[in-house]
Structures are given as C-alpha cells and as structure tokens.
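I am opening a notebook on a structure that is new to me. I will write down what I looked up, entry by entry.

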Protein chains: 2
Amino acid sequence: MSDSVELVEVGPRDGLQNESVLLSAETKIRFVNALSRVGHTRIEATAFVSPARVPQMADAFEVMTGIHRREGVRYSALVPNEKGLERALDAGTEEIAVFTATSDTFNRKNTGVGLEDSFKRLAGVVTEALTRKVLVRGYLSTILHCPYEGRIDPTLTVRLTERLLDLGCYEVSLGETLGRAVPGQIRSLCADLTSAGILGRCAGHFHDTYGLGIANILEALNAGIRTFDASAGGLGGCPYAPGAAGNVATEDLLYLFQEEGMAVAPELARQVAATALIESALARPLPGKTYRAMGCDEGDG
Amino acid sequence: MSDSVELVEVGPRDGLQNESVLLSAETKIRFVNALSRVGHTRIEATAFVSPARVPQMADAFEVMTGIHRREGVRYSALVPNEKGLERALDAGTEEIAVFTATSDTFNRKNTGVGLEDSFKRLAGVVTEALTRKVLVRGYLSTILHCPYEGRIDPTLTVRLTERLLDLGCYEVSLGETLGRAVPGQIRSLCADLTSAGILGRCAGHFHDTYGLGIANILEALNAGIRTFDASAGGLGGCPYAPGAAGNVATEDLLYLFQEEGMAVAPELARQVAATALIESALARPLPGKTYRAMGCDEGDG
C-alpha cells in the first residue's frame with residue numbers, strides 16, 4: 001500500500017457536539033490550533049447550528065474567528081440552513097458542510113423535515129454558498145443502517161450521493177452513523193459507487209460502535225477511497241442514534257497508515273498532544289486505543 | 001464469506017490472569033459455566049502456574065474440578081512445566097496449552113529461561129502429556145513484535161511454529177502479544193505460513209492495543225486461518241508487555257462473523273450475559289465495543 005491518504009479531523013465538530021460538558025470558546029480555539037500544528041490539511045472546526053439544539057456549538061462564530069488559520073489547512077463548518085450559512089460567511093468560513101441522511105425518519109429527528117424537504121433546504125444553501133465562492137462538502141448519514149428504519153437499500157445511498165455531487169458538493173462524506181456495518185457491506189456499497197463512477201469523490205466517515213470502524217475503513221481503502229473522517233481520541237457519538245459510539249480515532253488511523261507505509265500528513269505524536277488537551281478539558285478518558293497506548297508508553301517512560 | 005470459524009474463549013485464563021482484583025474460585029466457576037452456555041466449543045479455563053507469579057490462577061485446581069463440563073466443550077488449561085502438568089492431570093484436564101515466545105528476552109522475563117531452554121522445558125511437558133492422552137495446544141507469543149527486541153523476523157516465527165507442531169501440538173496459537181502489528185504484516189506472515197504448509201494448523205491470537213485487532217483477524221481470515229482466540233469483553237493484557245491491551249473482545253468477533261453470514265457456534269446475546277457476570281465481579285467497565293453497545297441498547301429498552 002504505497003499510497004497517500006487524507007484525513008479530515010472532525011473532532012472539534014462531530015466529536016464535541018454531543019459532549020455534555022460545555023467547553024469555553026477559548027478551549028475549543030486552543031484545540032483547533034493544536035490540531036493545526038499536527039499537520040492536518042482539513043479540520044472541521046465548528047457548526048453554525050441552533051444553539052438551542054446543540055448548545056456546545058453556540059460559540060461557532062467566536063471559534064471560527066478566533067482560531068489561527070494556518071497555511072495549508074482548510075477549516076470547515078457544518079451549516080444546516082441559510083441562516084447558518086450567513087453566520088458562517090460572516091465568520092470568514094472558506095468551506096461549509098451540508099448534511100442529510102438516507103432515511104426519512106432520521107432526517108425528521110435530526111432536522112425536523114423528511115428526506116426531500118431536507119434536500120430542498122440544503123440545495124438552497126449549496127447554491128448560495130457556491131455563488132459566494134465557498135467550497136461545499138456533503139454529508140450523507142445512515143448509509144447502510146438507520147436506527148429507525150433498519151437496513152438501507154444501497155441503491156438509495158448511491159442515488160443520494162449522486163444528487164449531492166450534482167448539486168455542487170465537491171465531495172460526499174459517507175456516514176456509517178451507527179457503526180453497525182461490516183466489511184462485506186462496505187465492499188458491496190463501494191462496488192456500487194464505483195459502478196456509478198462516483199467513488200473517487202467520496203470520503204469515508206465511520207463510527208466504532210461495534211469495533212469495526214478500522215476494518216471498514218480498510219475495506220473502503222481497498223476499494224479506492226482515499227479520504228477519511230476521524231476524530232481526536234475517538235470523540236463523538238450521535239444523539240439521534242442511540243448507542244452509537246464515537247468516530248474512528250484519528251490516532252488509530254494515523255498509526256495504521258504510518259505502519260503500512262502510506263503517506264499521510266498529520267504526525268502521530270503531535271496528534272496525541274492535541275488529543276491530550278481536549279481529554280483534559282473534558283475530564284473523561286477518551287476511547288481511542290492508540291491514544292491510550294501511547295499515553296501509557298509515555299507514562300512508563 | 002459463507003464459511004465457518006471457531007473461537008477459543010480465553011477470558012477465564014488470558015483475560016483474568018493480570019486482573020489485580022482477586023476473584024473467588026466460585027466466581028470463576030460461574031463465569032466458565034456461563035461461557036459454556038454461550039455455545040463455545042473451546043474454553044481456556046485456567047492456568048496451572050506458580051501462585052506466587054500469577055496469584056489470580058492460584059485456584060486452578062478448584063476451578064478445573066468445580067466447573068460443569070458441558071458436552072461438546074473442550075476445557076483447556078495453560079501449563080508451564082511438568083509440575084503444572086501433574087496438577088492439571090489430577091484435576092482431570094483434557095487439553096493443555098504450552099507456551100513460548102519468539103524472543104529470548106521475552107522468554108526470560110516471562111519464564112526465567114531463554115528460548116532454547118524454554119523449548120526444552122515445554123518439549124518434556126508435551127511428550128508426557130501426549131503419553132497421558134491429553135491434547136496439547138502451543139502458544140507462540142510475540143510473533144511480529146517483542147517489547148524488548150523490537151521487530152521479529154517472520155522466518156523465525158514460522159520455524160518456531162513448525163517446531164511446536166513437530167513436538168506434537170495439534171495447533172499453534174500465534175500471539176500478536178503487543179497488538180502492534182498492522183494488516184500488511186499479518187498478510188505477509190500468513191503467506192510465509194502457507195508456503196511452509198502449516199497455516200491450516202494455526203490459530204490467531206490478537207490483542208487490541210492500537211485498535212487493529214479485528215482488522216488483523218480479517219486479514220488472517222482472508223489468508224485461511226479459521227480459529228481465533230478472544231476474551232469476554234476484551235479482558236486481558238500482559239504484565240511482560242508494557243502498554244499492551246486486552247485480547248480482541250469475543251462479542252466484537254461474534255458480531256462481525258454473524259453479520260458477515262459466517263457460521264460460528266457461540267451466541268452473541270448469551271455471550272453478553274456471561275461477560276456481564278465477570279464485569280460485575282471485577283467492578284470495572286470492560287473495553288469491548290459490541291459488549292458496551294449491546295448493554296446500552298438493553299439499558300435504553
């Protein structure tokens with residue numbers, strides 16, 4: 001596997017959004033700045049969402065305007081609607097992410113409207129963002145399993161991915177939101193995306209609920225996906241997906257890629273330092289295995 | 001992957017041996033009996049080792065004679081020397097496991113003697129055990145990485161595996177003791193074992209230190225290995241391998257195999273119940289992801 005791979009560090013957004021301990025904007029800014037020093041090229045820094053629905057993201061403007069924008073790093077923000085887009089643009093955001101999910105019920109729980117209305121809403125955001133010269137990434141959640149509707153038809157996932165790309169998203173991050181998928185299902189979905197000619201514009205976004213996040217990433221990697229979302233220390237979870245665990249831990253992916261001899265920009269030791277900062281702020285042990293093992297190594301000398 | 005796979009539940013031995021909370025023999029007997037009800041065909045129940053070195057295993061005789069021997073289940077015990085073998089035989093043990101490691105230093109730390117002396121010692125045990133009509137399994141630790149000697153030459157691992165088989169072990173469990181290996185290294189080692197014509201007599205024993213246990217198992221599975229060691233809830237760790245985490249969790253493997261449509265005897269829901277028993281006795285949360293997710297599902301109704 002002499003190849004290169006890109007990570008999108010989503011810890012400051014997907015990782016933190018469900019943490020009940022409310023962190024100060026200053027802490028989040030220090031976290032994003034530490035991640036910038038890791039060597040990441042892409043960091044999802046915050047979300048311009050309803051503070052009532054996601055209190056942890058109420059300080060999105062402060063965070064986005066407070067971080068040190070390091071050259072070579074793209075800082076993105078999740079945006080649910082045109083109001084969020086305006087706030088993001090005011091804060092100087094250069095890339096936004098819009099989101100939807102394959103299932104009607106999941107969309108309703110997450111955004112208050114069903115699948116088609118969710119698409120209508122995000123289409124308006126995408127069009128406006130592109131007019132304003134802002135890059136747009138699409139998130140498609142529940143690509144294979146929905147907590148409410150069960151198994152998802154992969155042809156629906158492929159069709160919705162195509163629609164997001166057609167709208168103008170430069171990339172679609174495929175969210176295996178529940179972490180229920182197994183490698184065989186990922187292989188099959190990737191084959192469908194390849195047949196549709198769109199696999200090269202997809203990123204993988206895996207959660208580790210059943211311990212299969214890394215195995216699923218390896219399957220997606222074998223199929224040709226080269227961009228993966230991950231969060232510092234395995235931060236994360238989803239309030240609309242009961243029992244779903246955090247994102248795949250950035251350190252575990254960095255360790256894997258490094259040991260497999262793949263080119264990847266972020267440096268593992270610096271990542272561990274950035275993660276230690278946020279773990280200390282949250283005052284709870286993060287689940288990432290490599291992060292724990294390296295912390296333990298350090299402790300032992 | 002319409003195929004069958006066999007698990008060896010090593011929680012009562014490899015899982016518990018380093019737990020500092022000393023459990024009663026009665027608790028261990030209840031744990032093994034619960035594992036028997038899961039549908040396991042092979043359970044490593046205890047170790048007839050020095051009580052001074054491994055206090056948790058001081059009650060090996062009580063455990064081995066106290067468990068309910070369910071039909072269709074083979075109960076094995078780790079045995080380091082002829083004294084241990086005699087105690088195991090007195091307790092009616094039908095299968096023993098002998099162990100060594102690829103590295104001189106690791107052997108010295110673990111058993112007090114180097115590699116060749118370790119082989120001499122275990123050869124005596126194997127010969128005697130076979131004479132007494134007891135099945136013998138071999139463990140080979142540090143197959144790719146040693147905490148003291150670093151990377152291990154895979155040709156050494158292959159040669160030592162052959163020697164264990166030649167001595168009369170019916171199977172060698174390949175211990176990736178540190179959990180440092182990545183799938184590419186497993187693929188390469190399995191290819192060497194296949195060339196040597198002995199892969200079919202090997203089992204995989206993976207630890208999850210860097211979160212790669214399942215990914216490594218999938219690689220070994222693809223290469224043709226069909227027997228894997230795992231421990232309830234991901235119990236385990238190794239005192240002679242600083243920072244090494246527990247075994248791959250039995251529940252994660254059962255979830256994976258079940259969802260991939262492979263035939264495997266143990267039932268996931270019953271496994272979760274058995275693991276809950278030992279978690280409660282240890283009074284610490286176990287790391288297994290599927291175990292946690294299923295516990296969470298149950299909690300939420």
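**Ground rules.** I note that this is a predicted model, in which local features need pLDDT of at least 70 and side-chain atom pairs count only at pLDDT 80 or more, while totals for chains, interfaces and linings use all residues. Residues are numbered from 1 along each chain as its sequence is written, and chains are lettered from A and ligands numbered from 1 in the order in which they are written.

**Chain A overall.** I looked up the secondary structure and found 12 helices and 10 strands in chain A; helices (H or I, at least four residues) and strands (E, at least two) are DSSP runs, numbered from the N terminus. Chain A has a radius of gyration of 18 Å, close to the 19 Å of the globule rule for 301 residues, so it is as compact as a globular protein of that length. That radius is taken over C-alpha atoms, and the rule is 2.2 Å times the number of residues to the power 0.38. I read the span of the C-alpha trace along its principal axes as about 55 × 45 × 35 Å.

Of the 301 residues in chain A, 56% count as buried. A residue is buried if 20 or more other C-beta atoms lie within 10 Å of its own, exposed if 12 or fewer, and partly exposed in between, with C-beta atoms placed from the backbone. I also looked at contacts in chain A between residues at least 6 apart in sequence: 74% of them join residues at least 24 apart. Two residues are in contact if their C-beta atoms, placed from the backbone, lie within 7 Å.

**Core.** I found 182 residues in the largest nonpolar core, and those with the most contacts inside it are A:Ala77, A:Val79, A:Ile96, B:Ala77, B:Val79 and B:Ile96. Such a core is a set of buried Ala, Val, Leu, Ile, Met, Phe, Trp, Tyr and Cys residues joined through C-beta atoms within 7 Å.

**H2 and H11 of chain A.** Helix H2 (residues 25–38) and helix H11 (residues 268–282) of chain A pack at an angle of about 170°, their axes 8 Å apart. That makes H2(A) roughly antiparallel to H11(A). Axes are lines fitted to C-alpha atoms, for helices over the stretch in contact, and angles run from 0 to 180 degrees between N-to-C directions. Angles under 35 degrees count as roughly parallel, over 145 as roughly antiparallel, 65 to 115 as roughly perpendicular and the rest as oblique. Among the residues making the contact are A:Phe31 and A:Leu35 of H2(A), and A:Ala274 and A:Leu277 of H11(A). By class, I list 9 nonpolar, 2 polar and 3 charged residues for the contact of H2(A) with H11(A). Ala, Val, Leu, Ile, Met, Phe, Trp, Tyr, Cys and Pro count as nonpolar, Asp, Glu, Lys and Arg as charged, and the others, Gly among them, as polar.

**H10 and H11 of chain A.** Helix H10 (residues 250–259) of chain A packs with H11(A) at an angle of about 175°, with axes 10 Å apart. H10(A) and H11(A) are therefore roughly antiparallel to each other. The contact includes A:Leu254 and A:Tyr255 of H10(A), and A:Leu268 and A:Val272 of H11(A). I divide the residues of the contact of H10(A) with H11(A) into 4 nonpolar, 4 polar and 1 charged.

**H9 of chain A.** Helix H9 (residues 213–223) of chain A is mostly covered, with 9 of its 11 residues buried. A:Ile214 and A:Glu219 are among the buried ones. Just after H9(A), A:Gly224 takes a positive phi of about 125°.

**Positive phi.** Most residues other than glycine have a negative phi. I noted A:Thr142, whose phi is near 50°, in the loop between strand E5 (135–141) and strand E6 (145–146) of chain A. A:Thr142 is buried, with 27 other C-beta atoms within 10 Å. B:Lys133 has a positive phi of about 65° and counts as exposed, with 8 C-beta neighbours inside 10 Å.

**B:Cys190.** I placed B:Cys190 in helix H8 (residues 183–195) of chain B. The C-alpha atoms of B:Cys190 and B:Ala220, 30 residues apart along the chain, are separated by 6.7 Å.
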